[in-house]
Amino acid sequence: MLEDREKNSPMIVKYGASDATTRVVGVIGYPLTHSLSPVMHNAALSVAGVAMSYVPFVVMPENLETAINGLLALGVRGVNVTIPHKESVVPLLDELDKDAERIGAVNTIVVKGSRLLGYNTDAKGFGNAFAEEAGCLLAGRCVMLFGAGGAARAVLAELLKEGVRDLIVVVRVLERGRAMVKDLLIGYQDVKVAVCQFEALHADVQRPDVLINATSVGLFPHDPVLTPLGFVTSKMVVYDLIYNPPTTPLLDEAKRVGAVAINGLGMLVHQGALAFKIWTGENAPKDVMRESLLRALEGLKCSS
Ligand code: NAP
């Protein structure tokens, strides 16, 4: 009834960039100061002519359930979910898609009628970005993965799906790494997997073809390189999920030795493009998203 009345309304009042038909999408997390998702999505929504606006919702862990119920009450179309809610949001949703269920983490919610559906677009987002940027396939490769958090779980799920041959998972706490591998390895018995701690990375450890950092180490310029000196070689593809800052001590080391060095910007674009499609039903303008991010990062560099 309400929707009919709105459709038949004779006049739409404009409020700046939005009007009475504008739907809200956004991101919930804490902290959100580092997030460039609002810049990227608003650029895409505007160019695609979609009547939606993307806003950051700072949500503390103790308010998560209230915030999730509020999405329905406020008629929000959907949200991205980021640190620290990707796993804790799962039991608050009505349904998960199969990737989110397998990974045990959600980064995109869509409201359908009175139901909240959870997706994980980080996994495919990583896979699409790697395929586009790395110049090699993951199938048959030996891959070393740093971390056991939400992003690492998504990347691991995608690595298995893509057919990696050997996996070395490197973590701070062995139990966390082993639990992640146990959860995700079901159905992939042929893959050779080892889990070790960072302290065990020394010269005689097997060198991977692909080295992926899915920890938050590197967000700050004085963060250490997680590999010992001389570990990274020119034959590796080194992929760091961090995109802000655009380079990290690990990527600097990769560039120094002549390895392929890739940051997380492409993954941000691809996971965002998949979320955009879920909310709007339309293909995202990925070039616009990428350009808006590069402009925003350039602006941050100038102002720092
Ligand atoms: P998270 O769930 O908080 O996980 C962080 C991981 O980093 C955990 O495994 C943690 O170890 C590890 N870690 C933290 N400090 C460490 C240290 N000093 N030494 C070794 N390991 C350390 O976060 P997340 O969501 O997985 O995100 C991880 C990173 O990926 C963040 O930098 C995030 O910005 C980035 N990310 C990028 C994209 C993209 O689109 N490019 C998407 C998602 C995430 P414990 O397991 O021991 O706690």
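How many aromatic pairs does a search of the whole structure find? I ran the search and got five. I count rings of Phe, Tyr and Trp (its six-membered ring) as a pair if their centres lie within 6.5 Å; planes under 30 degrees apart are stacked, over 60 edge-to-face, and the rest tilted.

Ground rules before I go on. I am working on a predicted model, where local features need pLDDT of at least 70 and side-chain atom pairs count only at pLDDT 80 or more, while totals for chains, interfaces and linings use all residues. I number residues from 1 along each chain as its sequence is written, and side-chain values use heavy atoms, with hydrogens and water left out.

**Entry: rings**

I looked up Tyr-54 and Trp-279. Their ring centres are 6.0 Å apart and the planes make 50°, a tilted pair. Tyr-54 sits in strand β4 (residues 52-58) and Trp-279 in helix α9 (residues 265-280), so this pair ties together parts 225 residues apart in sequence. I take helices (H or I, at least four residues) and strands (E, at least two) as DSSP runs, numbered from the N terminus.

My cut-offs: buried is under 20% relative accessible area, exposed is over 50%, and partly exposed lies in between (1.4 Å probe, protein chains only).

Next I checked Phe-126 and Phe-130. The centres are 5.8 Å apart with the planes at 45°, so I log this pair as tilted. Both residues lie in helix α5, four residues apart, about one turn of the helix. I find Phe-126 buried at 0% relative accessible area and Phe-130 buried at 1%. Ring pairs also bring in Tyr-239, giving a cluster of Phe-126, Phe-130 and Tyr-239.

Arg-207 lies over the face of Phe-231, 4.6 Å from the ring centre. The test I apply is NZ of Lys or CZ of Arg within 6 Å of the ring centre and within 35 degrees of the ring normal.

**Entry: salt bridges**

I searched the whole structure again and found 11 salt bridges. Each needs a side-chain nitrogen of Lys or Arg within 4 Å of a carboxyl oxygen of Asp or Glu.

I started with Arg-115 and Glu-95, which form a salt bridge at 3.0 Å, N to O. Arg-115 is in strand β8 (residues 115-119) and Glu-95 in strand β6 (residues 95-96), so I note a link between distant parts of the chain, 20 residues apart. Arg-115 is partly exposed at 38%. Glu-95 is partly exposed too, at 41%.

Then I looked at Asp-99 and Lys-161, a salt bridge at 3.2 Å, N to O. Asp-99 belongs to helix α4 (residues 98-103) and Lys-161 to helix α6 (residues 150-161), so the pair ties together parts 62 residues apart in sequence. Asp-99 is buried at 16%, whereas Lys-161 is partly exposed at 46%.

I read Arg-290 as partly exposed at 21% and Glu-132 as partly exposed at 46%.

Which residues do salt bridges with shared partners join into one network? I list Arg-165, Asp-166, Lys-192 and Asp-209.
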